[in-house]
Amino acid sequence: MRLPFLSPRLELLTPDGRLVPVDAGSDPGWGPRRVVLARELCSFELFSPGVGGRRGLEAVRLHARLAAPYAQPGWLVEPSGEAFGIWWWDAAKVGPWLAGRFGTRPPPLTPESLARPPGDGWRVLRTSTGFEAQAWRQGALVASSWSRAAF
């Protein structure tokens, strides 16, 4: 394992398991470490629990666990207006790649889509391995679709 002060703070995990440093501009490398998952590794769903507060958050977490598209999912829940955006990834695939670099305590993971500024309306972005079509409503991501080829 590399020494923490010699490691980049922000790295992209590619679909083939490589960790590629992300240019953070003038970041000197001190601060919290984070791994950005290539969009190709992630699935997205917008979920409206139908209730608010603590019960709504519990419903979202339960849905994230039970509706995951992977047998061993990793997930991140983000508020998205009145609903929640749920990002999933295959932890059985991603986990060993991260363990090889970080051991048993990997840094927080962020889907590549969340590493960009919010949008407004429809937009298509070039990602590290393809293209992502996004729909934004009132500053919240409501739909996302990835493709290797341009839309």
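Strands β9 and β10 form a hairpin with two residues between them, and Q138 in that turn has a positive phi of about 50°. Strands here are DSSP runs of E, at least two residues, numbered from the N terminus. The model is predicted: local features need pLDDT of at least 70, side-chain atom pairs count only at pLDDT 80 or more, and totals for chains, interfaces and linings use all residues. Residues are numbered from 1 along each chain as its sequence is written, and side-chain values use heavy atoms, with hydrogens and water left out.

β9 and β10 pair in the antiparallel sense over seven bridges; strands pair if DSSP finds at least two bridges between them. On the other pairing, β8, residues 121-126, runs antiparallel to β9 over six bridges, and a hairpin of four residues joins β8 to β9. Take E132 in β9: L125 stands opposite E132, and the bridge partner of E132 in β10 is W146.

How many of the seven residues of β9 are buried? Six are, so β9, residues 131-137, is largely enclosed by the rest of the structure. Buried means under 20% relative accessible area, with a 1.4 Å probe and protein chains only.

Now the largest pocket, which holds about 150 Å³ of space. A pocket is an open set of points on a 1 Å grid over the protein atoms alone, where a 1.4 Å probe fits, with protein on both sides within 12 Å along at least five of seven lines; lining residues have an atom within 4 Å of a point. Of the 13 lining residues, the closest to the centre are E78, P79, L114, W136 and L141. β5 gives the most to the lining, with three residues.

Conventions
Points joined across faces, edges and corners; volume = space filled by probe spheres on them. Buried < 20%, exposed > 50% of the residue type's maximum accessible area, 1.4 Å probe, protein only.
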